[in-house]
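Please read the numbered points below with the model open beside them.

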Amino acid sequence: MNTPHDEILQDEPVIPPITSSKVVYEGAVWDIRKETFDLPEATGLVRDLMAHTGAVGIAVVDDQERILLAQQYRHPVRARLWEVPAGLLDIPGEDPLEAAKRELVEEADLTAVHWDVLSDSCLTPGGSSETMRLYLARGLTEVPEADRHERGEEEAGFRFAWVDISEALDAVADGRITNAIAQLAIFQVDRVLRAEASGARVKFRPVDAPRRLVDGRPEFGRGASVETTGTSED
């Protein structure tokens, strides 16, 4: 169905009446919450959701216009995936940009002078509250070896590769890179580099631009106290 519209194309934040909400599983990294809520089009809806802290990702581009990819083991899919540096917003009160800078140091032994916002994403909105802000980082400097973060667990097995964007795009199209954040980063970097090569001015949002579905709204991720119209069990 082709429906014309004359409004700005953007997602619409909604807080429906929630009649009940309780944590049914408390995990090491995120929780599972069961909620019952009403919408104008349907009432008494029951959904289980992953209550997530949120995350940041970094598309790291060097002076040769290559993107940095890191390979990490991911147990749910039993595979080592090529990804971009990323991490959880699991430090209370930490600014997303500062979290991204910390993750870049910890995961890639790099700092960056130039930071831009590429996108804000809901990664799996059908089952998780996770949102992710993706940054572009350029103007890179290596962290001195004596000051580098000691990586543990799965991160101890990181492999790194600097990859031309055309090669990365081919890997996505061929099904060889499947991580959604990495795919998004590759597509966004390609968009930026093509625009810059043509002489076009690329418009970025400020690094402190509000995250429309997160900032200034009641918390609904991990640790949130959810307001209900009935009984809330946290």
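This is a predicted model: local features need pLDDT of at least 70, side-chain atom pairs count only at pLDDT 80 or more; totals for chains, interfaces and linings use all residues.

1. Arginine 78 is exposed, because its relative accessible area is 57%, where exposed means over 50%, buried under 20% and partly exposed in between, calculated with a 1.4 Å probe on the protein chains only. This arginine 78 lies in the loop between E5 and E6, and its phi is near 50°, a positive value in a residue other than glycine.

2. Residues are numbered from 1 along each chain as its sequence is written, and side-chain values use heavy atoms, with hydrogens and water left out.

3. Glutamate 65 has a positive phi of about 60° although it is not a glycine, and it is found in the loop between E4 and E5. Its relative accessibility is 43%, so glutamate 65 counts as partly exposed.

4. Which residues of helix H2 (residues 165-173) are buried? They are Ile165, Ala168, Ala171 and Val172, and, seen down the axis of H2, they fall within an arc of 120°, so they line one face of the helix; the arc is that of the directions from the helix axis to the C-beta atoms. An α-helix has 3.6 residues a turn, so residues three or four places apart point the same way. On the other side of H2, Ser166 and Ala173 are exposed. The buried residues of H2 pack against E5, strand E10 (159-164) and helix H3 (180-197), a contact being heavy atoms within 4.5 Å. H2 is followed by glycine 175, whose phi is positive, near 80°.

5. Glutamate 219 is found in the loop between H3 and strand E11 (231-233), and it counts as exposed because its relative accessibility is 61%. From C-alpha to C-alpha, glutamate 219 and arginine 133 are 17 Å apart in space, and they are 86 residues apart in sequence.

6. For the chain as a whole, there are three helices and 11 strands, which follow the pattern β-β-β-β-β-β-β-α-β-β-β-α-α-β when read along the sequence. The C-alpha atoms fill a box of roughly 55 × 50 × 35 Å, taken along the principal axes. Of the 234 residues, 38% count as buried, and among contacts with a separation of 6 or more, residues 24 or more positions apart account for 61%. The chain exposes about 14,200 Å², of which carbon and sulfur atoms supply 50%.

7. The largest pocket holds about 1,200 Å³ of space. A pocket is an open set of points on a 1 Å grid over the protein atoms alone, with protein on both sides within 12 Å along at least five of seven lines; a cavity is a set of points where a 1.4 Å probe fits but cannot get out, and lining residues have an atom within 4 Å of a point. The largest pocket is lined by 37 residues, of which Trp30, Arg74, Glu83, Leu88 and Glu130 lie nearest its centre. H1 gives the most to this lining, with four residues, and by class the lining divides into 15 nonpolar, nine polar and 13 charged residues.

8. The second largest pocket holds about 1,000 Å³, and of the 31 residues that line it, Val14, Pro16, Leu49, Arg217 and Phe220 are the closest to its centre. Strand E2 (31-39) and strand E3 (42-51) each supply at least two residues of this lining.

Notes: Accessible areas come from the Shrake-Rupley method with a 1.4 Å probe; for residues, only the protein chains shown count as cover. Grid points are joined across faces, edges and corners, and a volume is the space filled by probe spheres set on the points. Ala, Val, Leu, Ile, Met, Phe, Trp, Tyr, Cys and Pro count as nonpolar, Asp, Glu, Lys and Arg as charged, and the others, Gly among them, as polar.
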